[in-house]
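Please keep the sequence and the 3D view open side by side as you read.

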Amino acid sequence: MDTIGFDIAHLLSGGMLVLSLLLLFQTRIIAVINVFALQAIVLALSVAWQAYLQQAPHLMVTAAIALIVKGLIIPFALQRIVRRLDIHREVETVIAAGPTMLAGLALVALSILLLQPSEGSVLTREDLAFALAVILLGLLMMITRRNAVTQIIGFMSLENGLILAATGSRGMPLVVEISVAFSILIAFVVFGIFVFRIRERFDTVDVAAIDRFRGERREHL
Amino acid sequence: MPAVAGLACVAALFAIGLVAVAIGRSRAGTTVVYGASLLVSAIVLLFALTHLILASPPASVTLPLGLPWIGAHFRIDALAAFFLIIVNLGGAIASIYALGYGAHEASPLRVLPFYPAFLGAMNLVVLADDAFVFLLSWEFMSLVSWGMVVAHHRVAANVRAGYIYLVMASFGTLCLFLAFGVLAGTGGQYSFAAMRAGQLTPALALIAGTLTLIGAGSKAGIVPLHVWLPLAHPAAPGHVSALLSGVMTKVGVYGFIRVVFDLIGEPTPYAGLIVAAIGGITAALGVLYALMQHDLKRLLAYHTVENIGIIFIGLGLALAFRANGIEWAAALALAAALFHVFNHSVFKSLLFFGAGSVLMATGERDMEHLGGLIHRMPHTAFAFLIGCMAISALPPLNGFVSEWLTFQAILVSPQLPQWGLKLVIPAVGALLALSAALAAACFVKAFGVTFLGRARSNAAQAAHEVDQFQRVAMFVLVTLCILAGIFPGFVIDALAPVTRALVGGTMPQQAFLPWLSVVPIVASRSSYNGLLILLFLVGSATLTAAIIHRFATRATRRSPIWDCGFPLASPVAQYTSSSFAMPIRRVFGASVFRVREQLDMPPPGAMRAGHFQVRVFDPAWFAIYGPIARSVRSTGIFLNRIQFLTIRSYLTLVFGALVVLLLVVAAWR
């Protein structure tokens with residue numbers, strides 16, 4: 001493998017990780033959606049570059065799906081939801097941005113520590129470490145945000161990490177990628193419907209309202 | 001005996017259990033069920049006796065039942081035949097007793113279906129030759145006996161006893177399950193033949209042995225796993241109590257012998273030390289608990305704990321000797337243990353039958369309300385007295401022979417090379433001696449307070465002798481106690497195939513000695529002849545009586561009994577069971593039993609009555625089971641909170657678990 005190919009793949013995966021950290025730091029919902037769209041585009045580039053490196057044209061399909069569905073359709077739809085629901089507010093976080101960033105950095109360190117000594121080629125290894133970090137950051141985002149829309153984005157970002165991990169290793173069949181893409185789309189549809197239903201019933205998309213409705217929310221949370 | 005015949009009898013017992021569901025309500029149903037159980041048990045007993053005495057080779061059979069493609073394995077060898085004798089002797093005689101006793105059962109349908117099923121399950125445990133069948137029948141045995149423990153379910157204490165029994169039985173089965181898992185290894189060989197052939201590393205053998213000691217020991221009743229036993233055994237009807245205490249605990253001992261002696265293979269000497277030490281502690285604590293009791297059936301149940309301790313001392317010694325290659329001593333210790341298994345099943349059944357008869361005649365189990373029964377129930381009193389003498393190890397009865405043999409095995413222990421064993425086993429012998437002496441005290445109390453003196457209640461005053469079935473059952477056992485005591489050589493000869501199979505040796509001098517003697521090691525060191533002692537006792541007693549009658553007056557004089565200077569007419573003023581136990585309670589009470597004595601003495605001149613209250617606690621409850629129950633409860637309350645978290649908290653839990661696991665993986669490398 002030539003070094004320039006390796007470096008570009010590395011750059012793109014690293015870019016995804018930086019964007020994940022940026023997602024954690026955003027304070028406004030529109031900005032979160034934009035950063036997510038940017039991450040999906042970087043993912044598409046990364047997958048396309050992998051397709052070129054591995055001589056696997058079917059990865060191009062994955063890249064196209066990522067670009068069109070996650071980079072364009074979903075962010076557009078989310079922005080529409082936000083506008084229609086009129087929630088251009090600040091993201092309500094459970095933990096302040098500073099500690100969240102620190103936790104995120106610790107997670108990145110953990111994933112590198114975990115995968116650095118493992119077997120396999122350098123590229124696969126680094127790629128997997130980045131992907132694991134993106135997955136963990138997505139999870140972290142899901143549990144540190146109160147707003148349903150930002151939770152959806154955390155979940156989508158997690159899926160981005162999964163796709164990055166899957167395409168980084170050689171020989172993943174197209175069927176898997178397509179099914180992953182569809183599952184994301186369906187999850188998005190389900191989430192979207194849920195968000196509207198929540199809004200209709202509770203006049204807010206703060207998931208704390210659901211907890212309150214279940215009668216299980218404690219006031220100190 | 002082909003194993004198929006045994007299985008056919010087990011199937012017959014299960015069938016009787018099913019039939020009992022249909023006919024249990026009718027009055028004849030009781031007679032039919034117990035009569036049929038008696039017949040089937042007697043058939044198996046005969047088969048097993050011939051198998052053991054003729055020293056037949058092991059016979060096995062595989063039935064296409066149970067797990068697909070594996071089948072169910074059954075086998076009868078010398079050990080199984082011996083325990084089949086124990087199970088079916090107890091079963092047959094309990095059935096005779098139940099022909100009389102069961103007729104008075106208030107709700108026979110709560111006992112009748114379970115009784116034959118219980119006998120069948122115990123037979124099946126002994127016949128099983130793979131882990132699956134063994135565990136299945138073991139658990140079935142626990143379950144049907146639980147059904148009979150809670151037969152009188154209107155009494156709250158019985159339901160509680162049943163609950164504790166169920167918990168302990170499940171725990172024991174779980175331990176056995178894990179033990180067989182270790183024995184089967186990663187290959188998953190569940191037949192005993194494969195386990196016998198397999199070789200375990202010493203560490204695995206130790207784990208399997210410990211798990212078996214806990215699992216089978218909780219069924220047998222070793223301290224501190226005995227807590228269910230004094231609650232559950234008295235709760236059942238009389239004949240079932242006798243089976244639970246006299247026979248089912250022996251099935252527990254069988255499980256231990258089968259796994260540790262037969263399946264695990266070569267033991268380490270210190271494993272024997274652990275077993276013997278636990279046996280010694282069990283024996284001493286069991287009899288001390290028994291002395292504190294004033295409920296007759298509970299006293300007997302605690303006394304079972306003591307006898308199980310004696311059996312485990314013998315088994316531990318056998319393990320230690322076998323590990324050092326001293327086969328003849330191992331055979332001596334094992335023969336002592338097995339002989340005691342037989343003896344205990346006989347006299348404990350006898351004593352429980354006696355207690356059942358007393359309960360039936362008076363409605364009382366509390367000794368403080370009994371007394372003077374020897375006048376109204378002379379036959380029961382005589383049978384109970386023989387049982388008391390046998391269990392107190394008085395010659396020439398059977399209990400003496402097995403305890404004496406155990407002592408002989410302890411006296412050989414200086415031949416062991418390990419210093420730890422040399423030092424600890426004499427201490428175990430001291431515990432055994434202590435428990436033998438205390439057992440005698442315990443049964444002087446049990447017999448004296450129950451049958452001698454004057455009646456302490458109207459119920460005891462109005463007691464009447466029980467019917468002929470119960471008396472026949474008790475006198476068959478009395479005969480067995482005497483015969484096994486006088487002719488112990490025959491029993492030991494019959495045990496030779498078992499010891500040869502398990503420890504590879506027999507008692508060297510014993511084979512078919514003339515004059516019915518027992519010689520454990522060599523004749524110059526020690527020997528015992530029950531017949532000689534019987535003749536001496538009969539002769540000297542006759543002579544003494546003759547001399548007294550010759551030189552003293554023959555006239556019968558009636559005079560008031562000596563009343564210690566207090567001519568108080570009330571029977572309450574008699575020596576009671578708690579006053580009998582008082583000296584021992586004072587010695588051991590504060591430390592071992594946490595005895596609380598409360599004396600409320602009115603000041604001089606006050607007219608109210610004084611009160612004296614004694615409360616005795618089983619230390620196993622507050623030292624072991626109390627903390628366990630409290631920690632389970634607090635863990636449960638804590639986990640209960642997790643059920644009502646928010647979605648985000650659940651996600652956090654998942655995330656936290658993932659990160660912790662990843663950290664573990666990272667730290668592992």
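## A nonpolar patch on chain A

Helix α3(A) gives the most to the nonpolar patch, with 4 residues. This is a predicted model, so local features need pLDDT of at least 70, side-chain atom pairs count only at pLDDT 80 or more, and totals for chains, interfaces and linings use all residues. Residues are numbered from 1 along each chain as its sequence is written, chains are lettered from A and ligands numbered from 1 in the order written, and side-chain values use heavy atoms, without hydrogens or water.

On the surface, A:L38, A:I41, A:L45, A:L67, A:I68, A:L72 and A:I73 form this patch, with about 600 Å² of accessible area together. Two or more residues each come from α2 (29-54) and α3 (58-85) of chain A. Areas come from the Shrake-Rupley method with a 1.4 Å probe, with only the protein chains shown as cover for residues.

A:L38 sits in helix α2 of chain A and is partly exposed, at 45% relative accessibility. Buried means under 20% relative accessible area, exposed over 50%, and partly exposed in between (1.4 Å probe, protein chains only).

## Helix α15 of chain B

Helices are DSSP runs of H or I with at least four residues, numbered from the N terminus. In α15(B), the buried residues include B:F384, B:I386 and B:C388. B:A393, with a positive phi near 60°, follows α15(B).

Note on methods. Patches are made of residues with over 30% relative accessible area and no salt bridge: like charges are joined within 9 Å, nonpolar side chains (Val, Leu, Ile, Met, Phe, Trp, Tyr) within 5 Å. A salt bridge is a side-chain nitrogen of Lys or Arg within 4 Å of a carboxyl oxygen of Asp or Glu.
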